[in-house]
Amino acid sequence: MTDSKYFTTTKKGEIFELKAELNSDKKEKKKEAVKKVIASMTVGKDVSALFPDVVNCMQTDNLELKKLVYLYLMNYAKSQPDMAIMAVNTFVKDCEDPNPLIRALAVRTMGCIRVDKITEYLCEPLRKCLKDEDPYVRKTAAVCVAKLHDINAQLVEDQGFLDTLKDLISDSNPMVVANAVAALSEIAESHPNSNLLDLNPQSINKLLTALNECTEWGQIFILDCLANYTPRDDRESQSICERVTPRLSHANSAVVLSAVKVLMKFMEMLPKDLDYYGTLLKKLAPPLVTLLSAEPELQYVALRNINLIVQKRPEILKHEMKVFFVKYNDPIYVKLEKLDIMIRLASQANIAQVLAELKEYATEVDVDFVRKAVRAIGRCAIKVEQSAERCVSTLLDLIQTKVNYVVQEAIVVIKDIFRKYPNKYESVIATLCENLDSLDEPEARAAMIWIVGEYAERIDNADELLESFLEGFHDESTQVQLQLLTAIVKLFLKKPTETQELVQQVLSLATQDSDNPDLRDRGYIYWRLLSTDPVAAKEVVLAEKPLISEETDLIEPTLLEELICHIGTLASVYHKPPSAFVEGSRGVMHKRLPARTGSGEGTECPDVGNAAGGSAPEAAPSIIPSQGDLLGDLLNLDLAPPTTTGPTPSTSGMQMGGMDLLGGGLDSLMDESEPLGGDIGGSPAMGAGFGAAPTVMPASLNAPVGGGLGDLFDLGGGVGMPMGAYIPPKTVWLPAMKAKGLEISGTFARRAGVIQMELVLTNKAMSVMTDFAIQFNRNSFGLAPAGPLQVLTPLGPNQTIEVSLPLSTVGPVMKMDPLNNLQVAVKNNIDVFYFSCQYPISMLFVEDGKMERQVFLATWKDIPNDNESQFQIQDCHLNSEAASNKLQGSNIFTIAKRTVEGQDMLYMSIKLSNGIWVLAELKVQAGNPNYTISLKCRAPEVSQCVFQCYEAVLKN
Amino acid sequence: MIGGLFIYNHKGEVLISRVYRDDIGRNAVDAFRVNVIHARQQVRSPVTNIARTSFFHVKRSNIWLAAVTKQNVNAAMVFEFLYKMCDVMASYFGKISEENIKNNFVLIYELLDEILDFGYPQNSETGSLKTFITQQGIKGQTKEEQSQITSQVTGQIGWRREGIKYRRNELFLDVLESVNLLMSPQGQVLSAHVSGRVVMKSYLSGMPECKFGMNDKIIIDKAGKGGVTNEAGKSTSGKQSIAIDDCTFNQCVRLSKFDSERSISFIPPDGEYELMRYRTTKDIILPFRVIPLVREVGRTKLEVKVVIKSNFKPSLLAQKIEVRIPTPLNTSGVQVICMKGKAKYKASENAIVWKIKRMAGMKESQISAEIELLPTNDKKKWARPPISMNFEVPFAPSGLKVRYLKVFESKLNYSDHDVIKWVRYIGRSGIYETRC
């Protein structure tokens, strides 16, 4: 029997004929007719007119026929809602059939019929099937709940199906569990606030058990669901990781990638010094490499994901360079991706091999690939300084091939190399100039013009070269026009005598004959600069350019964090957040992300969850954000505070948490009215405007970066501030390594009743830093900046600036551990950085802290003895008088002194900025360098800190 | 999740169209045809986004399979599913061709209904699918049979049904390796790895429990350490063990057991299946070495000399040896002389193809060719694609050895000794290239 004949019936009057056959008495004929109908449906013919006749065939014992009719129903029920009702009876009946396969078939098909009238009839059969004795029916019913929810969410909630579905998570059959998890995950996406998935250690444990037993697909559903969970602490995180790692050996690549996703996310919580952390890192590399021997389409998915993983954790694959070498027969999409990863992994250790490979690739056939290979050589030069010379000579070799697009690409990258290593390779300019005529792409022309302008003094005929471009000025693209304008102005400033005419010509072309406002504006700026103050013009136009960064095409960190949470999915293939390509109204972004952090997940999760979670409230109102909006979204990302008390159940809680550290606060700190977005728009323009820096990072995003929080945690424990003196010596709070070149050190002081944070900002990066702002997380004493961070001039490379920031104590309060811990976020034009420091509590001692004697006595008695703590101060050689004086300087006031048996007893009082009193009794014995101090306070937590202050003040 | 699944012929005509989600309309079918199948250029990505709809496609001969979605699906899963779909179809009706698909379209719809529910992949093991998707209806089954089917489809051992019986319990084990090499013209190994598969055909009764062992370095070292007494034994066995970079297993293998004990234990599916895949990069035996010599004589002539050396035991024979030497596009004529086998210039493939039927180990053979070139104005230099090689050798280039495969079936009365086992090693060339 060949069914292909059904595809060939194209006669006229076909529908009529089919109708007759469908109503035939003979079973075989009926079946044939339905097959024909389905074949017509497949090729796109409208056979909806046959609806009643087809539905009539539904009542049959023949399962094959039944399935065909169901297929037809699913396609056309929506267009014939009234007649679809006819089918309901059969469905209800089939749901009672003794054969579980038929029960399942009925419940599976019913859910696909999207007719409101029918859905009501679905509920009872579905309820039964959810509790069916046969697991096959239950697993089908579980999915049916998701289908029904898609049609009528309210109905599903009202009927209590969600609870039944939740119960199925504890089902004895692993496949039922897997499908229930899949259905719940999908429903949860549209209920960001509901606690649907209710992930807790118990349910996670169930899922992990089911993971070992279910089908490969079920494992994927479960792993994807697990990835939404945030463990409560590193121990839980580790134990989940341990149970997920065996999945890395699964033959199904999707299982492997989903396992990688879970591990990459949970790894964030593991302390880096843990042995297990290193073990886990080592375990991740082999399965990732194995993915590269899968079919090409999967290789592509794997490579796009590896690209993300390499950016997030370069250490995982740093020794695996060779596996990314391009094979001659790889499909082009695999080749291009491999090339990308090769550049990311290039380092001093492997650069020779990489270069040899890239040189091979540059001779291949595919134009895109060759271009990318040439560009990659340039990037290697910029990334690995030792290789720069070899790269340049390789590029020169390539230019000699005279292959047009190779030459153009090479010139574009050589320009970047000049920027990176000034005054080193300019000798090649002559070779470049030889190829001037062959350049026809704007980018290459612009690059060449930049080179000529920049090195005009070394090129004898620079004026002629530039003049030759000027002839077709109006036909050039804007990029080239702008570049030409700047280049000629540079030339004029360098050789004013012979080029006056040329500069006038270009200025008039730009200002008078052009419609392009950018070009005109730039023309006028130059014109005025040159006419008012040529010296100033020289300073502006020929100013030293900031160095370009090593890495290009890096994914913005916040986005990277989010994409890591989406490993294996389309988002990770597109390198875009789901909101960028998923239909707005049912978008994944707004729904899914709150679900990730919203429901009972600890807000203390380090970065991934937070970065994602914070974005949700901001993103919610926009339906389909365009690419531009996307950047906006990223900028608005808030961060939840790293430590709040307990999990926050609702999104609104999250939002509030988010405000603490960086919320809208940063905006208000900025002086401009258009704080964040403006910077973004501004920076590329700047780059193009002066010195044309195409490799300047595309957008210096000001968004708070989740990754920073991780650092914060590291620091939190590590930075022990020596409570040395009244004004402790400055310590480094934020090493340059962790803050893209910004180093911050500082201390705290109390001067004339004002608490001041004294900061030293050092720019150890190559680029200028601007737009500084600062904000504190909630802290024990409500410390908050009393004004903006006054860094008025841009901070140039290797420049240092000292800033004094007055602090108030009226900010929001949250108890920290240790009590005097302060978490700080500092932002500049490059990024946001986080660090934490500890302030000496003595700066909170207020000037009016001297208690009346009577009050002191009464208070001392009044405070229970449990609140008294005793400490020893050792090796202090002051007498009581000197000690008292010294302490007074720090607002620790001596109220009374008693001498008993050669021992001086000093009674002192301290008042903290928040009104807490601390009473002290200091015993000083002449000749004994060890003092004993007793502290009494209604808030005994502060005693330890106060004692530290005593020690610090007395010893310095 | 997957919103729809379409199958097209090479012209872009729809052969199968199954929509699972409401957000996918009929226009998606056309969008893919217009933008991908009919696009004049080479496919630049297996994932295409057209008007906010994402299309995943794979091609089998000239048939296109496309999965469509509007959501942020698990991309790796979609491709794995498409491959699986191809496997299932192939096991039902053989080669995936337009003819076969049209002939079996009812069956395909039935399968699609079963293995994908609302876009979520369900059990797709052919072993169990074939028990109830038969194209013959299932009315005749008894109640026991029905519940057996459902428990198998949803069960922990979805890949094997109960009650299988064979008169002769037999096992075939194939270690299939493909050895990949990229060598520089100077004979430096740029990259080399073996990707291997262990393919099993099992004809065993009941629900046997199997345990597979090989000369995995980690296991052997562990065993060596365990027995402190036999120092000598350790050194000999240690020599023969191999370091496996990574391996993946069929879903029948208990992964947690492998993770904790590195032992491979499983209940096998019936018939043929792939038990594991592995990859090694250390101490690979490269069966052949290719030594190229290309000399440009003026602008219109090339002289090529290629020597191949076999590098394995003289008692073994390599088969199906083929060396492919690329020639420039402007080749006008070629003269070839070879010591062994046959060599031909194939103009349509721009290559000299040199075939040798058999070659023993530790031998050497040579080909030399003179290539006449047409003078061209084309400035672009010839890209010099690498010389590639194909062959088959009767050993595992990774050095992998099967140590044991034990079968236990407690309920039936046959033991490990009664099972007839066959083991075979085949090493093939993967991408085996030498740059010239």
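This is a predicted model: local features need pLDDT of at least 70, side-chain atom pairs count only at pLDDT 80 or more; totals for chains, interfaces and linings use all residues.
H21(A) covers residues 388–400, and H22(A) covers residues 404–420. How do they run relative to each other? Their axes cross at roughly 155°. Angles over 145 degrees count as roughly antiparallel, so that is what we call H21(A) and H22(A). The two axes come within 9 Å. The crossing of H21(A) past H22(A) is left-handed.

Which residues make that contact? From H21(A), look for A:Val392, A:Leu395, A:Leu398 and A:Ile399. From H22(A), find A:Val406, A:Val407, A:Ala410, A:Val413, A:Ile414 and A:Ile417. Sort the contact by class and you get ten nonpolar residues, with no polar and no charged ones.

Now over to chain B. Here we have an open sheet of five strands. Read across it, and the order is E2-E1-E5-E4-E3. The pairing is antiparallel. Which strands stand at the edges? They are E2, residues 14–19, and E3, residues 47–50, of chain B. Each has a single partner strand, so one side of each is left without a neighbour in the sheet. From one strand to the next, the twist averages 20°.

Take one pair inside that order. E1 of chain B, residues 4–8, pairs with E5 of chain B, residues 63–69. That antiparallel pairing runs over five bridges. To find one on screen, go to B:Leu5: its bridge partner in E5(B) is B:Ala67.

Next, the helices on this sheet. H1 of chain B, residues 26–37, packs on the sheet and touches E1, E2, E3, E4 and E5 of chain B. The direction of H1(B) makes about 50° with that of E1(B). Then there is H2 of chain B, residues 75–93. H2(B) lies across E1, E3, E4 and E5 of chain B, at about 35° to E4(B).

Is A:Leu570 buried or exposed? Its relative accessibility is 0%, so A:Leu570 counts as buried. What is it in contact with, leaving aside neighbours within four places in sequence? In chain A, there is A:Phe581. In chain B, the list is B:Val47, B:Ser54, B:Phe56, B:Thr69, B:Gln71, B:Asn72, B:Val73 and B:Ala75. One more distance to note: A:Leu570 and A:Asn305 are 265 residues apart in sequence, and their C-alpha atoms are 10.0 Å apart in space.

Conventions. Residues are numbered from 1 along each chain as its sequence is written. Chains are lettered from A and ligands numbered from 1 in the order in which they are written. Side-chain values use heavy atoms; hydrogens and water are left out. Two strands pair if DSSP finds at least two bridges between them. Helices (H or I, at least four residues) and strands (E, at least two) are DSSP runs, numbered from the N terminus. Axes are lines fitted to C-alpha atoms, for helices over the stretch in contact, and angles run from 0 to 180 degrees between N-to-C directions. Contact means heavy atoms within 4.5 Å. Angles under 35 degrees count as roughly parallel, over 145 as roughly antiparallel, 65 to 115 as roughly perpendicular and the rest as oblique. A crossing is left-handed if the near helix is turned anticlockwise from the far one by less than a right angle, and right-handed if clockwise. Ala, Val, Leu, Ile, Met, Phe, Trp, Tyr, Cys and Pro count as nonpolar, Asp, Glu, Lys and Arg as charged, and the others, Gly among them, as polar. Buried means under 20% relative accessible area, exposed over 50%, partly exposed in between (1.4 Å probe, protein chains only).
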